[in-house]
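Student: I am new to this structure and would like a close look at a single part, the nonpolar core. Could you walk me through it in one go?

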Amino acid sequence: ISENSEIIHNYISQQCFTYQKKIELDRLNILWVRSFATHSYANDLASKAIIKLTKKDFFKDLRITIRGDGKLFRKFTKDLEKFENISIEQGYISHEEISKLHKSHGVILSPTRMDSQGLAVGEGMSSGLVPITTKIAAIPEFVDSRSGYLCKPESPQSIVDAIESIYRNPNQYLKMSETASRRSSSQCSFESTIQKEIDLLKCHNIYTQEAMHAN
């Protein structure tokens, strides 16, 4: 990396994904919103984890919402259709609709095999959802143990363990929810992204003009 380079994250709108203080019951509402276009998004791991989760005594207390689209949607959700506490709907979903879902859920399920930032995770965190994702690629740069759950790669059981931890530790969940929102806001706010880029461009223009005058 060049000495003069700067890394600027993707912007996450706190106006769209507004923080809403969560309560203990919100931890029971799990949101899985994902593209089902490729295996990179690890929807198969989420599906396998939920099947394992159905064997737990507390599964009946959970409410799981699945939204998304792509050629693999049916493949990874068909085995979940028989459970009354799982809502499945295929189709494109807008940012506004996702934001609305954030307000009625407390956990975002988003395992992955490859992500440069994980925007869906960051948007959920901004809204106060506790993320369950994967310790892989750039994800640990945006989620740590205080703000979410970094599961082992290719491990549905690790996802189950994360959900059970959230279920059995409501006070910890509430702290993580607040921390998640603060972290997302700090790293991906307007000031930390777009404004930073604008300031860098201004500095570059000034430097270029000074160099031209010097010549």
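Tutor: Happy to! The largest nonpolar core has 35 residues, and among these L62 and I132 touch the most other members. A nonpolar core here is a set of buried Ala, Val, Leu, Ile, Met, Phe, Trp, Tyr and Cys residues joined through side-chain atoms within 4.5 Å, where buried means under 20% relative accessible area with a 1.4 Å probe, protein chains only. This is a predicted model, in which local features need pLDDT of at least 70 and side-chain atom pairs count only at pLDDT 80 or more, while totals for chains, interfaces and linings use all residues. Residues are numbered from 1 along each chain as its sequence is written, and side-chain values use heavy atoms, leaving out hydrogens and water.

Helix 5 gives this core its largest share, 6 residues. Apart from that core lies another one of 17 residues, including V33 and F142.

Now find I132. Leaving aside residues up to four places away in sequence, I132 touches V107, Y149, I159 and I166, among others; touching means heavy atoms within 4.5 Å.

Next, look at the strands. Strand 5 (residues 130-134) runs parallel to strand 4 (residues 107-109), joined by 3 bridges, and V107 stands opposite V130. Strands are DSSP runs of E, at least two residues, and helices are runs of H or I, at least four, numbered from the N terminus; two strands pair if DSSP finds at least two bridges between them.

In the whole open sheet, 6 parallel strands follow the order 3-2-1-4-5-6. Its edges are strand 3 (86-90) and strand 6 (149-151).

Key: Buried means under 20% relative accessible area, exposed over 50%, partly exposed in between (1.4 Å probe, protein chains only).
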